[in-house]
Amino acid sequence: MRVVRFLTTDGRPAFGAVDDDEVTWLPQLADATLESFVSSMRDDQRLGSTDAGLDRGVAALASLQLLSPIAPRQVIGVGTNYRDHVAEMSATAPAVPTANFAKLPISWTSHGADIELPAGAFVDYEGEIAVVIGRPTFQITEAQVDGHLAGLCLANDVSAREVPTTQLLLGKSHPGFCPLGPFLVTPDDLDLDDLSYTVAVNGELRQTATTTSIIHSIRSIVAGFARSLPLHAGDVILTGSPAGVGVARHPPLELHDGDVVEITSPQLGTLRNRFVSASRSDKYPTSPE
Amino acid sequence: MLVADPTDRLVICVEDNYRDQQTVRKTGLALNPPAFLSSIIRPGPCDDVWFLPRATDSLTMEHRLLKPSACQRLDVGVSLAVEMALPIGPGEVSVDEAERAIGWARIALDVVRRDVPPEQAFLARSYPTHTPISEHRLLWSDMPTGADCTLQLTVNGRIRQRSNLEAQRASAATLITQIARSIRVSPGDLLLTGTPHGIAFDGGEQWLEAGDEIVASIDGLGQLTIYVEEELPK
């Protein structure tokens, strides 16, 4: 199931299930959690809306103002999980899944949102697959991981490269530096070991990735992190980015006012955001709730 | 009081902010940036200090600290925590502006799982109950400063740490100017301003065990007493 979160006509966030260009939602469950929405939609699809006792709302996907499919509780990032990125950053491949950084939850934003370029910052993109935890997850095996996931979506691990490496947290946490979307895909609809995506800036291809070539699989990352830290619904794990980031190019390429970054996956859709200078943007364009 | 919703509060701690402390560097975590980054990096007021996140889940005002059953290397240090009263950033702010944005001081414990590899800085610092914090808070403007503010940590009555704020590389306000360059700091956000020499990782002290009594004290704030409890395997 593909799940979007959007603003209803009365301005409240609600979940909806995407089928082609159409979104079905359950107005009676407008305040539902993601888990209860997915469960109710499955009942609805299995029984038919009349038997499930729920009204349906239907809207064109293009007509909706999409929000990030999840407002993350916390965002944990794997810094180096693609061998070509390890090489371009002169890093070392980690022996175990490694949470090299975290992004503060204030950094999330939605598909389609403008992202402010802080004055004087060297802003870079990193296309990634984001894993969203669906329920309490602690000390589980890799085989149990799928049952603990709400789903997967695309993410842009936007980074300010001028920030010293002792302060990676700060360089990755500016408001808007963690766009997520456009929708969440439940794990039963995905082969986690065979996902792919590309990253383009103003239409120019910059990154190409497939999870068939990552160092640590998505399941091993989740199980590895949950070995030492209890994870909860709404936690987001960024699973790494391949080669092709701007800062490692010759010469280094930073994002400029008006640049559009598109991350496109046959399985996870297209996450698109425009970057705008601080003087042009609203002060805090993120977190529409 | 603390708010429970993690999205309402940031918890950031800094490491190596006391002149006698080089903990992070000793772990080997020194991130040497590749050469192509050196011309891009913009120096700040406290680049020698590490800024690391802690999960809000780790905050507690209960007087107990859970020792995960699998963890045999649990470490603790005392830290002066500051709680923001006013929003500030993102952007360049002065030390005076940062000073005025701080509302209160609290005692905090900086608990770290040394069994978790140092690269996993977030995982090592975010276990539930691993950021104990005092319920009592004092207006920041009423706090003693510099050498007049002593911090001390004892475990089972034995002194492990004794230092004062004069030994800090960067003051709380200076640290906040650095954070505010990148992000907006909001009322209620917490900054742990580092821990001095004397933690178990420095050598000479034991890792925490179930039954240990930890007493942290900071001039002006009194004492925070915490008891270590073994957490049974789930």
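Reply: Across the interface of chain B and chain A, nine residue pairs are in polar contact, with both residues at pLDDT 80 or more. A polar contact is a pair of N or O atoms within 3.5 Å; within protein, one must be able to donate a hydrogen and the other to accept it, and residues adjacent in sequence count only if both atoms are side-chain atoms. Which elements give two or more residues to the side of chain B that touches chain A? They are α2 (35-38), β2 (50-53), α4 (121-125) and α5 (172-182) of chain B. Helices (H or I, at least four residues) and strands (E, at least two) are DSSP runs, numbered from the N terminus. β2(B) gives the most to this side, with four residues. By type, the residues on this side of chain B are 26 nonpolar, six polar and seven charged. Here Ala, Val, Leu, Ile, Met, Phe, Trp, Tyr, Cys and Pro count as nonpolar, Asp, Glu, Lys and Arg as charged, and the others, Gly among them, as polar.

A word on the ground rules. The model is predicted, so local features need pLDDT of at least 70 and side-chain atom pairs pLDDT 80 or more, while totals for chains, interfaces and linings use all residues. Residues are numbered from 1 along each chain as its sequence is written, chains are lettered from A and ligands numbered from 1 in the order in which they are written, and side-chain values use heavy atoms, with hydrogens and water left out.

Back to the interface. The contact (heavy atoms within 4.5 Å) takes 39 residues from chain B and 41 residues from chain A. The area buried between the two chains is about 3,600 Å². Carbon and sulfur atoms give 67% of that area. Buried area is the accessible area (1.4 Å probe) that two parts lose on being put together, summed over both. Three residues stand out: B:Phe36, B:Ile40 and B:Leu123 supply 17% of the area that chain B buries against chain A, more than any other three residues.

Now the charges. Two salt bridges are counted between chain B and chain A. A salt bridge is a side-chain nitrogen of Lys or Arg within 4 Å of a carboxyl oxygen of Asp or Glu. B:Arg42 and A:Glu162 form a salt bridge through their side chains, 3.5 Å from N to O. Over all chains, the structure holds 28 salt bridges. One inside chain A joins A:Asp114 and A:Arg274, with the closest N and O atoms 2.6 Å apart. A:Asp114 lies in strand β9 (residues 114-117) of chain A and A:Arg274 in strand β19 (residues 269-277) of chain A, so this pair ties together parts 160 residues apart in sequence.

Next, look within chain B. Five strands form an open sheet with mixed pairing, in the order β4-β13-β12-β9-β10. Two strands pair if DSSP finds at least two bridges between them. β4 (64-68) and β10 (158-164) of chain B stand at the edges with a single partner strand each, so one side of each has no neighbour in the sheet. Neighbouring strands of the sheet are turned by 20 degrees against each other on average, direction ignored. Axes are lines fitted to C-alpha atoms, for helices over the stretch in contact, and angles run from 0 to 180 degrees between N-to-C directions.

Walk across this sheet. β4(B) pairs with β13 (residues 222-231) of chain B in the parallel sense over five bridges. There, B:Lys67 stands opposite B:Glu230. β12 (residues 213-218) of chain B pairs with β13(B) in the antiparallel sense over six bridges, and B:Ser217 stands opposite B:Gln223. Three residues lie between the strands of this hairpin, where B:Gly220 takes a positive phi near 95 degrees. β9 (residues 150-155) of chain B and β10(B) are antiparallel, over six bridges. B:Leu153 has B:Gln161 as its bridge partner in β10(B).

Strands β15 (residues 196-201) and β16 (residues 204-210) of chain A run antiparallel, joined by six bridges. A:Val199 stands opposite A:Gln207. In the loop between β15 and β16 of chain A lies A:Asn202. A:Asn202 has a positive phi of about 50 degrees although it is not a glycine. Most residues other than glycine have a negative phi, and most peptide bonds are trans. The peptide bond from A:Gly181 to A:Pro182 is cis, with omega near 0 degrees.
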